[in-house]
Number of protein chains: 2
Amino acid sequence: MTDDRRSGCPINLTLEVVGDKWSLLIIRDMMFGNRRHFRELLTKSEEGISSNILADRLKTLLEAGIITREDDPSHKQKGIYSLTEQGIELLPILAQMAAWGYKYLPVSEELGIRARLLSEGGPKMWAEFMDELRQTHLGHVRRKKGLSVGERLQAAYERVAKRNDPA
Amino acid sequence: MTDDRRSGCPINLTLEVVGDKWSLLIIRDMMFGNRRHFRELLTKSEEGISSNILADRLKTLLEAGIITREDDPSHKQKGIYSLTEQGIELLPILAQMAAWGYKYLPVSEELGIRARLLSEGGPKMWAEFMDELRQTHLGHVRRKKGLSVGERLQAAYERVAKRNDPA
DNA sequence: GCCAACCGATTGCAATTTGCAACTGGTTGC
DNA sequence: GCAACCAGTTGCAAATTGCAATCGGTTGGC
């Protein structure tokens, strides 16, 4: 971890932290797929990250203060990774990326549905989702009123996935 | 240019196109610094990109339909790079990155002022700025009423830069 | 017409990063 | 006690990055 920066530009600094091909995908899986353990992130990812890269990125994200790690009381070896407030606030970047990719790139139907809903929901829905993430990752109390944004996104995904693969 | 994708997820696809350390910085310079020639992008960048990387990224961005290149009538060797509509619509991603970096990373004062204004301006200001980019890059007519967003950002930057280095 | 400065790249090469596969040392459940 | 699972680590090859020098051509000044 050398801390020589190319410049003090906020966009550049952000890219130096999360501007690689994997970090934001890990964040995405933590946010939308609720992956919290190493194995979950390793095996349940669409893209198939390898374990050394995952370990390296988790370390980097830890050092950057984007995630935290604590021991899982149910299993001595398991660690639970959580997003920090700083990590949760990466959501708008992911949402904009999802919207742009949905509009211009050959997105698959199952994986695109969440992007569409999130894009249509706009900043208001993002804020709501970030509040839910604060509850699950920072231990804030949950106020419970109907389906959460996370649940709605997941349900929409499963509907499309099941429709396309009714096996 | 192999087109095997890791997954059809919109975020992943977006990262495969612009998820490296340089592409978005080039877009940033085209948007905020109005760099349109190879030399300008090469020498006037804060971070000091090297020429082979720049050439490679410009080629990639061309193939992805994010920028276009046309000959400069004033110089047979010069090319003018322009953003496409698709490229202009990367602005919200850059704006969110700027806002996040401004909030959480050690941004320099000069380079941070634009991020602050852009963040405070919100989606409305982004839309206005994107309209201006359509004018300069896509040749849309300019309706002229007061200072443009680009001019305001530039003026703010120069005020801070001059204050900090009154040489 | 000549030459220096500038133009958009390209090339060779070393250093870094990535990615795969196998493996480690340990824990848990049956 | 043993198979399955856990979070990583290691060795090594391949790909990417980054620097410096260079290329062939264009332009402006004289």
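Over the ring of which residue does the charged end of Arg114(A) sit? Select Arg114(A) together with Tyr157(A): the charged end lies over the tyrosine ring, 4.4 Å from its centre. A charge counts as sitting over a ring if NZ of Lys or CZ of Arg is within 6 Å of the ring centre and within 35 degrees of the ring normal.

This is a predicted model, in which local features need pLDDT of at least 70 and side-chain atom pairs count only at pLDDT 80 or more, while totals for chains, interfaces and linings use all residues. Residues are numbered from 1 along each chain as its sequence is written, chains are lettered from A and ligands numbered from 1 in the order in which they are written, and side-chain values use heavy atoms, with hydrogens and water left out.

Next, select Arg6(A) and Trp22(B). Arg6(A) lies over the face of Trp22(B), 4.3 Å from the ring centre.

Now display the two protein chains. Chain A is superposed on chain B by a rotation of 180° with 0.0 Å of shift along the axis, at an RMSD of 0.1 Å (least squares on the C-alpha atoms of residues with pLDDT of at least 70 in both copies). That is the relation of a two-fold axis.

Turn to the aromatic rings. The whole structure holds four aromatic pairs over all chains; rings of Phe, Tyr and Trp (its six-membered ring) pair if their centres lie within 6.5 Å, and planes under 30 degrees apart count as stacked, over 60 as edge-to-face and the rest as tilted. Select Phe32(A) and Phe129(A): the ring centres are 5.3 Å apart and the planes at 25°, so this pair is stacked. Phe32(A) lies in helix α2 (residues 23–32) of chain A and Phe129(A) in helix α7 (residues 109–138) of chain A, so the pair ties together parts 97 residues apart in sequence. Helices are DSSP runs (H or I, at least four residues), numbered from the N terminus. Both Phe32(A) and Phe129(A) are buried, that is, under 20% relative accessible area (1.4 Å probe, protein chains only).

Finally, show DNA strand C. Colour α4(A), which gives the largest share of the surface near DNA strand C, four residues. Then select Gln77(A), where a polar side-chain atom lies 2.6 Å from a base nitrogen of DNA strand C. At Phe38(B), a polar backbone atom is 3.3 Å from a phosphate oxygen of DNA strand C.

How values were computed: Helices (H or I, at least four residues) and strands (E, at least two) are DSSP runs, numbered from the N terminus. Buried means under 20% relative accessible area, exposed over 50%, partly exposed in between (1.4 Å probe, protein chains only). A polar contact is a pair of N or O atoms within 3.5 Å; within protein, one must be able to donate a hydrogen and the other to accept it, and residues adjacent in sequence count only if both atoms are side-chain atoms.
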